[in-house]
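Subject: Handing over a structure

Hello,

Here is the structure I said I would pass on. Please open it alongside this email.

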Amino acid sequence: MNLTFDQLPEAVTNLTKEVSELKQLLISKEQHSAEQPEKFLTIQQAAAFLSLSVPTIYSKVSKRELPFMKQGKRLYFSLTELTEYLKNGKKKTFAEVEAEAGKYLSKNKKSAAL
């Protein structure tokens, strides 16, 4: 985008306004997330959330496949950590794998040429 000298004050004003709006959005998002305490689930709730049986949850806990906390004899699961666990198990589409391979190859061609 080419700006003339006369357009510069208006462009700076617009940018300042947009940065201020972005800052306000970030602050409100931080306050909203800080207001919501982390939710912990029992083993039955975690099993329902993951659509698994309770014995399967115990098996995954014993193999350290699931993030958990133990208080006395009880197991607790962070809803946030279980959600991340599910997201980490996401399989990439063929297009995503191709795109990553293309990036990797183009990056390595550049470094090999140096």
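Below is what was found in it, grouped by region.

Please keep in mind that this is a predicted model.

**The sheet**

Start with the strands. Three of them form an open sheet in the order S1-S3-S2, with antiparallel pairing. S1 and S2 are the edge strands, and each of them pairs on one side only.

Take the S1 side first. S1 covers residues 40–41 and pairs with S3 in the antiparallel sense over two bridges. Phe-40 has Ser-78 as its bridge partner in S3. For Leu-41, the bridge partner in S3 is Phe-77.

Now the S2 side. S2 runs over residues 69–71, and three bridges link it to S3, again in the antiparallel sense. Gln-71 is bridged to Arg-74 in S3. S2 and S3 form a hairpin with two residues between the strands. Gly-72 in that hairpin takes a positive phi, near 65°.

**The core**

Which residues make up the largest nonpolar core? There are eleven in all: Leu-41, Ile-43, Ala-46, Ala-47, Leu-50, Ile-57, Val-61, Leu-66, Leu-75, Phe-77 and Leu-82. H2 gives the most, with four residues.

Two of the core residues, Leu-41 and Phe-77, are also bridge partners in the sheet.

Leaving out residues up to four places away in sequence, Leu-50 touches Ile-57, Leu-66, Leu-82, Tyr-85 and Leu-86. Among these, Ile-57, Leu-66 and Leu-82 belong to the core as well.

**The salt bridge**

The structure holds one salt bridge. Glu-65 and Lys-60 form it, and their closest N and O atoms are 3.2 Å apart.

Look at Lys-60 next. Lys-60 is found in helix H3. Is Lys-60 buried or exposed? Lys-60 counts as buried, because its relative accessibility is 19% and the cut-off for buried is under 20%.

Setting aside neighbours within four places in sequence, Lys-60 is in contact with Leu-52, Glu-65, Leu-66 and Tyr-85. Tyr-85 and Leu-66 are also touched by Leu-50.

Most residues other than glycine have a negative phi. Two residues are worth a look for that reason.

One is Ser-51, with a positive phi near 55°. Ser-51 sits in the loop between H2 and H3. Ser-51 is exposed, because its relative accessible area is 66%.

The other is Arg-64, where phi is near 60°, again a positive value in a residue other than glycine. Arg-64 is placed in the loop between H3 and S2. Its relative accessibility is 64%, so Arg-64 counts as exposed.

Helix H1 spans 8–35, and Met-1 lies in the segment before it. Met-1 is at 93% relative accessibility, so Met-1 counts as exposed.

Met-1 also belongs to a nonpolar surface patch. The patch covers about 620 Å². Leu-3, Phe-5, Leu-8 and Val-12 make it together with Met-1.

Further along, Leu-25 lies in helix H1. Leu-25 counts as exposed because its relative accessibility is 57%. Leu-25 and Thr-4 are 21 residues apart in sequence, and their C-alpha atoms are 31 Å apart in space.

Ser-28 is in helix H1 as well. With a relative accessible area of 38%, Ser-28 is partly exposed. Between Ser-28 and Ala-48 there are 32 Å from C-alpha to C-alpha, and the two are 20 residues apart in sequence.

**Where to look**

For a quick tour, begin with the sheet in its S1-S3-S2 order. Go on to Leu-50 and its contacts, including Ile-57 and Leu-82. Finish at the salt bridge of Glu-65 and Lys-60.

Best wishes

Conventions
Residues are numbered from 1 along each chain as its sequence is written. This is a predicted model: local features need pLDDT of at least 70, side-chain atom pairs count only at pLDDT 80 or more; totals for chains, interfaces and linings use all residues. Side-chain values use heavy atoms; hydrogens and water are left out. Patches are made of residues with over 30% relative accessible area and no salt bridge: like charges are joined within 9 Å, nonpolar side chains (Val, Leu, Ile, Met, Phe, Trp, Tyr) within 5 Å. Accessible areas come from the Shrake-Rupley method with a 1.4 Å probe; for residues, only the protein chains shown count as cover. A salt bridge is a side-chain nitrogen of Lys or Arg within 4 Å of a carboxyl oxygen of Asp or Glu. Buried means under 20% relative accessible area, exposed over 50%, partly exposed in between (1.4 Å probe, protein chains only). A nonpolar core is a set of buried Ala, Val, Leu, Ile, Met, Phe, Trp, Tyr and Cys residues joined through side-chain atoms within 4.5 Å. Contact means heavy atoms within 4.5 Å. Two strands pair if DSSP finds at least two bridges between them.
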